[in-house]
Amino acid sequence: MIKLLFVGDIVGRPGRELMRRGLAAIVAQHGIDLVIANAENAAAGFGLTPDIADDLFEYGVHVMTGGNHTWDKKELIPYLADHPRVLRPANFPAGVPGVGIVWRAPQGACRLAS
């Protein structure tokens with residue numbers, strides 16, 4: 001069995017500080033195997049920067065999800081090419097930077113969407 005922790009919207013510095021101070025203890029206490037966090041508002045409530053993404057990975061986040069605010073900080077766009085663990089919604093149009101993930105329930109397998 002895999003234990004998954006999904007953290008909804010990390011918003012700004014207060015949200016990042018909670019992750020810095022508390023994530024490791026929660027992971028240890030509950031034996032969490034995978035941490036997924038929505039980080040599209042982690043930069044002052046609007047977007048995500050490479051430095052903030054790096055910090056969140058360092059705090060123990062394994063995968064970050066995004067949404068419409070992901071691109072509010074344009075410096076993230078080149079970062080997405082080298083960091084596939086920062087996901088954008090899979091249903092965004094072709095040509096949008098980053099990768100999304102699609103769950104295929106009948107086969108029970110995942111695939112990355114471009």
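Accessible area here comes from the Shrake-Rupley method with a 1.4 Å probe. With that in hand, I opened this predicted model and found that the protein exposes about 6,700 Å². Carbon and sulfur atoms supply 59% of that area.

Entry: I looked up how much of the chain is tucked away: of its 114 residues, 39% count as buried. I then took the contacts with a separation of 6 or more, and residues 24 or more positions apart account for 55% of them.

**Entry: element order.** I counted 3 helices and 6 strands. Reading from the N terminus, I get β-α-β-α-β-α-β-β-β.

**Entry: the start of the chain.** I checked how strand 1 (residues 4-7) meets strand 2 (residues 34-38): they run parallel, joined by 4 bridges. Between the two, the chain passes through helix 1 (residues 12-30), and this β-α-β crossover is right-handed. For a landmark on the pairing, I noted Leu-5, whose bridge partner in strand 2 is Val-35.

**Entry: the core.** Which residues have the most contacts inside the largest nonpolar core? My list reads Ile-10, Met-19, Ala-42, Leu-48, Leu-56, Val-61 and Met-64, in a core of 22 residues. Helix 1, strand 2, helix 2 (50-59) and helix 3 (76-82) each give two or more residues to this core. Helix 2 gives the most, with 4 residues.

**Entry: a closer look at Ala-42.** I left aside its neighbours within four places in sequence and listed what Ala-42 is in contact with. Ile-10, Leu-48 and Leu-56 are among them, and so are Gly-12, Arg-13, Arg-16, Gly-47 and Ile-52.

Methods: Residues are numbered from 1 along each chain as its sequence is written. This is a predicted model: local features need pLDDT of at least 70, side-chain atom pairs count only at pLDDT 80 or more; totals for chains, interfaces and linings use all residues. Side-chain values use heavy atoms; hydrogens and water are left out. Two strands pair if DSSP finds at least two bridges between them. A crossover is right-handed if, with the strands pointing away from the viewer, the path from the first strand over the helix to the second runs clockwise. Buried means under 20% relative accessible area, exposed over 50%, partly exposed in between (1.4 Å probe, protein chains only). Contact means heavy atoms within 4.5 Å. A nonpolar core is a set of buried Ala, Val, Leu, Ile, Met, Phe, Trp, Tyr and Cys residues joined through side-chain atoms within 4.5 Å.
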